[in-house]
Amino acid sequence: QVQLVESGGGLVQAGGSLRLSCAASRSIVSINVMGWYRQASGRQRELVATFTSGGRTNYADSVKDRFTISRDNAKNTVDLQMNSLKPDDTAVYYCYAAIDYSFGRRFDYWGQGTQVTISS
């Protein structure tokens with residue numbers, strides 16, 4: 001199991017930057033997938049950026065070249081640097097972790113979410 005706590009959300013103007021951080025309750029080295037999802041009002045939750053334990057990263061097309069995901073294994077944190085923010089980036093951002101267990105079982109874990117609001 002793992003508990004995830006996000007921080008760093010807020011209100012910024014379009015074109016600005018924010019950095020989100022997710023603190024995990026255990027070592028993230030062996031967590032199979034970690035990253036960020038977001039959910040805007042009235043819309044489904046969508047992937048923003050993830051990385052695998054093997055180091056592979058994945059970004060939504062809408063955030064490529066603007067957002068960067070990174071991790072600090074020593075601090076057990078995963079950060080999301082968001083630049084050139086747009087009003088469409090307004091959403092609740094959730095930290096996500098997936099852990100694989102025996103017999104092919106995968107469990108998903110979520111943080112409580114942090115609100116990001118971009119004003120035009």
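Predicted model: local features only at pLDDT ≥ 70, side-chain atom pairs only at ≥ 80, totals over all residues.
Residues are numbered from 1 along each chain as its sequence is written, and side-chain values use heavy atoms, with hydrogens and water left out.

**Exercise 1. Strand S9 and its partners**

Task: Find which strands S9 is joined to by bridges, and in which sense they run.

Solution. 

Step 1. Start with the terms. Strands (E, at least two residues) and helices (H or I, at least four residues) are DSSP runs, numbered from the N terminus. Two strands pair if DSSP finds at least two bridges between them.

Step 2. Take S4 and S9. They run antiparallel and are joined by seven bridges. One place to look is Gln39, whose bridge partner in S9 is Val92.

Step 3. Take S9 and S11. Three bridges join these antiparallel strands. Here Ala91 has Val116 in S11 as its bridge partner.

Step 4. Take S9 and S10 (residues 106–110). This pair is antiparallel too, over five bridges. Ile99 has Phe107 in S10 as its bridge partner. The hairpin of S9 and S10 has five residues between the strands, and Phe103 takes a positive phi near 65° in this hairpin.

Step 5. Check burial. A residue is buried under 20% relative accessible area, exposed over 50% and partly exposed in between, with a 1.4 Å probe and protein chains only. Eight of the 10 residues of S9 are buried, so this strand is largely enclosed by the rest of the structure.

**Exercise 2. The nonpolar core**

Task: State which residues of the largest nonpolar core touch the most other members, and which strand gives the most to this core.

Solution. 

Step 1. A nonpolar core is a set of buried Ala, Val, Leu, Ile, Met, Phe, Trp, Tyr and Cys residues joined through side-chain atoms within 4.5 Å. In soluble globular proteins, nonpolar side chains tend to be buried together.

Step 2. The largest core has 32 residues, and Leu4, Met34, Trp36, Leu80, Met82 and Tyr93 touch the most other members.

Step 3. Two or more residues each come from S3 (18–24), S4 (33–39), S5 (46–52), S7 (67–72), S8, S9 (91–100) and S11 (114–119). Strand S9 gives the most, with five residues.

**Exercise 3. Salt bridges around Asp89**

Task: Find the salt-bridge partners of Asp89 and say whether Asp89 is buried or exposed.

Solution. 

Step 1. A salt bridge is a side-chain nitrogen of Lys or Arg within 4 Å of a carboxyl oxygen of Asp or Glu. The whole structure has six of them.

Step 2. Asp89 meets Arg38 in a salt bridge at 2.9 Å, N to O. Arg38 lies in strand S4 and Asp89 in the loop between S8 and S9, so the pair ties together parts that are 51 residues apart in sequence.

Step 3. Asp89 also meets Arg66 in a salt bridge, at 2.8 Å, N to O. Arg66 lies in the loop between S6 (57–59) and S7, so this pair ties together parts that are 23 residues apart in sequence.

Step 4. Asp89 has 2% relative accessibility and counts as buried. Arg38, at 6%, counts as buried, and Arg66 is buried.

Step 5. Arg38, Glu46, Arg66 and Asp89 are linked in a network of salt bridges.

Step 6. For another case, take Arg106 and Asp100, which form a salt bridge with the closest N and O atoms 2.6 Å apart. Arg106 is partly exposed at 43%, and Asp100 is partly exposed at 35%.

**Exercise 4. The disulfide**

Task: Find which cysteines are joined by a disulfide and where they lie.

Solution. 

Step 1. A disulfide is a covalent bond between the sulfur atoms of two cysteines. The rule used here is a pair of cysteine sulfur atoms within 2.5 Å, and the count comes to one disulfide.

Step 2. Cys22 is joined to Cys95, with S to S at 2.0 Å. The angle about the S-S bond is -80°, and the link is left-handed.

Step 3. Cys22 is in strand S3 and Cys95 in strand S9, 73 residues apart, and the pair links distant parts of the chain. Both Cys22 and Cys95 are buried.
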